[in-house]
Amino acid sequence: MASKDFLKIMRLARSGDALAQQKIGQIYLLGEQGTPQNTPNALLWLEKASLSIGFNEEIFNLVSNNLNLDEGLGLTQSLFAWKCITHAANSGNTQARWLYVQIVVGATSDSSVLAFSALTEKHWTDLGGIDHFKNLALRYLEELSDLPSFGFQNLAQKLLSECLMDGCLGIVDESRSKKIVSHLAVDTSEMGLSSLLSFAKNFDEHLVPALSVHLPALLDVRKPSAEHQLLYWAAWKYLGNETALEIAAELSYVPAQLALGLRLAKLDAVDSDHGNARLKQAVFWLKQAANQGERDAWYALGLINRMPQYSGYSAEDSDACFDKAADLGHPEAQFKKGAALWRKRNSLDEAIQGLQASYWIWHAAQQGVGAAEELLSKIMLSCPNASVNDWASLARLVKASLNEVGHRFTGEMLLMCHRVLVANQLNLNKAELLLADIGAIQHEHGAVIDIREHLPRSNPKLILIESLEQRKTLMMASKAFGNMNLDEGNLRQRRYRLEKLTEMLGLSLPALQDQQDLA
């Protein structure tokens, strides 16, 4: 229940007494005279008082020194509180400057302080522009960080290092940021650990001394926190601490699970020199990592399942693991999968023999697997230089004509032009030029030429797409055929159209030996 003195002051405030209004604001702000603290009401009465007696130092310092940023405010109260903080900060109030910094940092990130969450980007622009506030906030923060008498100096230094790292106040200086945090982090206090933890995602050798200070305490914790998993991982990576590696794995950090699994399996030459492999434990941790999509873990499981000394030896399980690793982009697994498909090509039910194998081997070759490049050359034909192919002269004339007077080619004749360009890029023979299904030729890794529907005794071809020009030509041809959707007629009509095209361009047909007799 409100005291008699409070009620008396309230009556005076309601009657318009400015000093009473200021006093009521102070009571609500501080929670005096048995009255519950109520910041929104406090700011309301203080603003009324400032309109009557003027916006004075006593009012803006009172607000700045006692405002709780974790209490929600309405838009009007937020604007008045900001006015108080800016005036107090300009007059040298260190607490006001600390609030100023926190508010501006929050406004430039996704973690805005609750008391000022009502202010939108437009409000900040109307108040003077967030860029101006950022510059001033950085200056205040640097001053507070260098001020030993400021009670929150360590917090200011920590915040400064974070701002310099992410650039939220307009300046990025990673070197300076890490110097600050490395200075803070060597302290054995909770602040030191918090500072070190704030840079766990950007950990490097500059923070190793600080990590060495905190590591004994981290290892001595009975129940390690998932919040510290990156620090445990760093302790393994930079200090080689095996206990830290095990803890990071137990905290479900996938790279640690993978590293521990590989270490237990002794798959690396370095690890194999230190004791016997513990394959069952290795498989346990590798499965944990694999189930989180770690491709190296699936590949390692594939290797282990092929080891004769492993009690769970299974070639079938090994292939399944390699398949999953290949699906996730592991280059060696892709090569193994492709090589296995190539060995089993005669027993596979596929329309184009070797197509599946070539797909995976190509992916492995793209990632630099030398053996994959060698095997791919045996499966797919290579014709990267179109200028030396048999259709080169005709293709040059066709291309020039399409660029200069493309309107002269319409309908089926335009499609024949694209056939010539594709035949030149892929070094096709005459039968393949006329009969290939242009829309179905291009695959991700190569071209498939299959005319057995027309000439049953012909052999399909797998041709490697090696140049941008090849891919561009196939794309343009496929687009032309898809847009027109015309019936090109039978073989005789297509051959006649090709002959007519060469006559129009003043060139004789190349003397090619067809795969089959087209007469």
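Ring pairs join Trp-82, Tyr-100, Phe-116, Trp-124, Phe-133 and Tyr-140 into one cluster. The model is a predicted one, and 18 aromatic pairs are found in it. Trp-124 and Phe-133 are both buried.

Tyr-359 is partly exposed, at a relative accessible area of 26%, whereas Trp-360 is buried, at 13%.

Rings also meet charged side chains. The charged end of Arg-345 is placed over the ring of Trp-342, 3.9 Å from the ring centre. Lys-83 lies over the face of Phe-55, with 4.6 Å to the centre of that ring.

**Salt bridges**

Side chains of opposite charge can pair when their charged atoms come close. The structure contains 14 salt bridges.

| Salt bridge | N to O distance |
|---|---|
| Lys-23 and Glu-32 | 3.9 Å |
| Glu-142 and Arg-176 | 2.9 Å |
| Asp-204 and Lys-178 | 2.5 Å |

In the bridge between Lys-23 and Glu-32, Lys-23 is partly exposed, with a relative accessible area of 29%. Glu-32 is partly exposed as well, with 25%.

Glu-142 forms a salt bridge with Arg-176. Glu-142 belongs to helix 8 (residues 130-145) and Arg-176 to helix 10 (residues 174-185), so this pair ties together parts that are 34 residues apart in sequence. Glu-142 has a relative accessible area of 25% and is partly exposed; Arg-176 is partly exposed at 31%.

Asp-204 and Lys-178 meet through their side chains in another salt bridge. This pair links distant parts of the chain, 26 residues apart: Asp-204 is in the loop between helix 11 (190-198) and helix 12 (208-220), and Lys-178 is in helix 10. Asp-204 is buried, since its relative accessible area is 11% and the cut-off for buried is under 20%. Lys-178 also counts as buried, at 15% relative accessibility.

Salt bridges can be linked to one another too: Arg-97, Arg-139 and Glu-143 are joined in a network of them.

**Helix 26**

Helix 26 covers residues 468-484, which makes 17 residues. From its first C-alpha to its last it reaches 24 Å, close to the 24 Å expected at 1.5 Å a residue.

Which residues of helix 26 are buried? They are Gln-470, Thr-473, Leu-474, Ala-477, Ala-480 and Phe-481. These residues cover an arc of only 130 degrees around the axis, and therefore lie on the same side of helix 26. The buried residues of helix 26 pack against helix 24 (411-426) and strand 2 (461-464).

The face turned away from the buried side of helix 26 carries Leu-468, Lys-479, Gly-482 and Asn-483, which are exposed. Just after helix 26 comes Asn-485, which takes a positive phi of about 50 degrees.

Methods:
Residues numbered from 1 in each chain as written. Predicted model: local features only at pLDDT ≥ 70, side-chain atom pairs only at ≥ 80, totals over all residues. Heavy atoms only, no water. Helix = DSSP H or I, 4+ residues; strand = E, 2+ residues; numbered from the N terminus. Expected span 1.5 Å × (residues − 1). Buried < 20%, exposed > 50% of the residue type's maximum accessible area, 1.4 Å probe, protein only. Arc of directions from axis to C-beta. Contact = heavy atoms within 4.5 Å. Salt bridge = Lys/Arg side-chain N within 4 Å of Asp/Glu carboxyl O. Phe/Tyr/Trp six-rings, centres within 6.5 Å; stacked < 30°, edge-to-face > 60°. Lys NZ or Arg CZ within 6 Å of the ring centre and 35° of its normal.
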